Amino acid sequence: MLEVGHAVHARLQTLGWVAKYRRWIIGLAAAIALFFGVVAIRWFVFGSSIAFGSSTERSIEASWFDTIEKLGIEPRFPPEEDFVVGDLLALVTKDEDDDPTTKNKISDPRTVPFPRRAVKLAHIDVNKALNEEYGQLPFFPNLADPTLSASRKGTAAAKPTARLTRDFSIGVQLKDLPLAAFPRLKIQGTSSASAGASGSGFWGSFGASNKEIEELELGEVRTYGLPSIRSIELLDIYCRNPKTKNNCTEETARNNLKSLTDNRSVKKYVIDAQGNERYAMKVEVVMVYRIYLTRSIKNLRQDLRAQQGGGRMTAVAIQAEATNVPPVQPGTADPDAMKRRIEDLERKLADVQAKNAVVAEIGSERLSSFNGTFDRPVAIGFRGIRVDFAALKARP
Amino acid sequence: MKASQIITAVRLILLIGLLLPSPSLAGNNEIVVFVHAGPKLNDPRIKQLLGALFEKGYLVRAPDDERDISGAGVDYFDPSAERTAREIAGLVNGQLKSLGLKSSTDMDLMPRFQRVNNPPTYFGIWLFGKDTR
């Protein structure tokens, strides 16, 4: 009986404590709910970036690499004219240096500018092979050629003079190289969300909106190269030739990458309790067998963000709203969509801009662009074959 | 506002502070050791010594064949790193003896401060002096 009395007393005490501090408890619960609400909206709109500082901005290199890789070729950034079929390159493909004091670590070789992770070791003369290969291929006259138009109209003995000149020993004009019809790539996404919460004597709201545009336009892309089998044969001959075979070795590649990597290309670490070692970087020797060229590049990346929040004391209202606007499909994007969404957020928060109210707005716009037209074509990407170091070592 | 309310507010703030993640402490995996194996670079027992350092969590650079004219020792480059240098020296001395790389009459490796502009997490282990063959 006494125990029951104690339990009832304790429960009454707890209820009394809750009643006494009910404003604190409600306030704390509201603050926690508000915090998680804001984090949830930011996560929903800005993806995994829930930090309140500025998010990591993607570099133009990363944007370029992602876009070019979608076309199935290895990106070459920055684009360069002095990059041709037959080039023998030493490339860093992985940086596994765990030394925390390391400077210029190549965390993601894909997104590092090419000159920071690659050197040209040598050039294999492939002009004869290119002439032979393209000499066997059918070609189609230029339909836009005026002499052909005259011929079609039956003008006096006009014959097609549009001829492809593909002699790689003396030089080939860009117009005579095979066309590669690269699509104009445009990736666009928009999202926005807002929410409000209220309690006795308090009303608060938070909204966020995000729009990302990524656009890559390559004007008149041309390509040339060797078939894979022919290029493997040529590389094999080169790597067997006593005069040039050292150019294909891992040791040569590492030594030539030393100046680019602060000697880390030849650095080794112990990797197990048996004292075995491994290089801090993985490298490859690659022969370029196909190149993609262009004379005009336009790359644009735009990131527009807006956040707005507010709070008001004394109002009593209940409101909760969340909207999810699906990404706008490429080609149907409305350029004013972002503006309208921000206006929408402003309307939703208009109530807050009253007496005893606080409103905060944050907006940001990031823009990275690469835009150029060149006198001569530059390489934007390539395909290459790798030297098999293990097979090379095993040769007698 | 009453004093009890202030205390309650402070307690709540402290409670939230406890729930936040605390920064992690740096460990052995941030310590880089450079082993100079001198004339015994190709001795298989050197690999065992390197393996022992690796097992302790140090980041162990592949050894070279250099020798120090001022004798064997463990170099450190920041006064705050002396304790770690002493630990490394103890471990290496034990290994050198157990692997038979040094006789009981050889001097033990001692920590020695070097005024060189190297990171404080770097340590140079000179296993042998100039006269070692």
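**View 1. The exposed and buried sides of helix α4 in chain A.** In this predicted model, the face of α4(A) that points away from its buried side holds the exposed residues A:Lys128, A:Glu132 and A:Gly135. Helix α4 of chain A covers residues 127–135, and its buried residues include A:Ala129, A:Leu130 and A:Tyr134. Those three sit on the same side of α4(A) because they cover an arc of only 120 degrees around the axis. As background, an α-helix has 3.6 residues a turn, so residues three or four places apart point the same way. Part of what covers the buried residues of α4(A) is α6 (228–240) of chain A.

**View 2. A β-α-β unit in chain B.** Here β1(B), helix α2 (residues 44–55) of chain B and β2(B) come together as a right-handed β-α-β unit. Strand β1 of chain B, residues 32–36, pairs with β2(B) in the parallel sense, over 4 bridges. To pick out one bridge, look for B:Val32, whose partner in β2(B) is B:Leu59. Strand β2 of chain B (residues 59–64) has 5 of its 6 residues buried, so the rest of the structure largely encloses it.

**View 3. Where chain A touches chain B.** At this meeting place, 15 residues of chain A are in contact with 16 residues of chain B. On the chain A side, α2 (22–46) and β7 (268–270) are the elements giving two or more residues.

View 4. You'll find A:Leu392 in helix α9 (residues 389–394) of chain A. What does A:Leu392 contact once its neighbours within four places in sequence are left aside? The answer is A:Cys239, A:Cys248, A:Thr249 and A:Val387. A:Lys245 is 147 residues away from A:Leu392 in sequence, yet the two are 9.2 Å apart in space, C-alpha to C-alpha. A:Leu392 has 16 other C-beta atoms within 10 Å, so it counts as partly exposed.

View 5. Most residues other than glycine have a negative phi, and most peptide bonds are trans. Between A:Phe77 and A:Pro78, though, the peptide bond is cis, with omega about -5 degrees. A:Pro78 belongs to strand β1 (residues 74–80) of chain A. Next up is A:Glu220, with a positive phi near 45 degrees, in the loop between β5 (202–219) and β6 (222–225) of chain A. A:Glu220 is partly exposed because it has 15 C-beta neighbours inside 10 Å. Then there's A:Asn263, whose phi is also positive, near 70 degrees; this residue lies in the loop between α7 and β7 of chain A. With 13 other C-beta atoms within 10 Å, A:Asn263 is partly exposed too.

View 6. Which helix of chain A has the lowest confidence, and which the highest? Helix α5 (residues 146–152) is lowest, at a mean of 50, while helix α7 (residues 250–257) is highest, at 97. Within residues 148–152 of chain A the pLDDT is below 50, and this stretch has 9 contacts beyond near neighbours in sequence. Residues 315–333 of chain A also stay under 50, and the model gives them 34 contacts beyond four places in sequence.

Definitions and conventions: Residues numbered from 1 in each chain as written. Chains lettered and ligands numbered in written order. Predicted model: local features only at pLDDT ≥ 70, side-chain atom pairs only at ≥ 80, totals over all residues. Contact = placed C-beta atoms within 7 Å. pLDDT = per-residue confidence, 0-100. Buried ≥ 20, exposed ≤ 12 C-beta atoms within 10 Å, placed from the backbone. Pairing = 2+ DSSP bridges. Right-handed = clockwise from strand over helix to strand, strands pointing away. Arc of directions from axis to C-beta.
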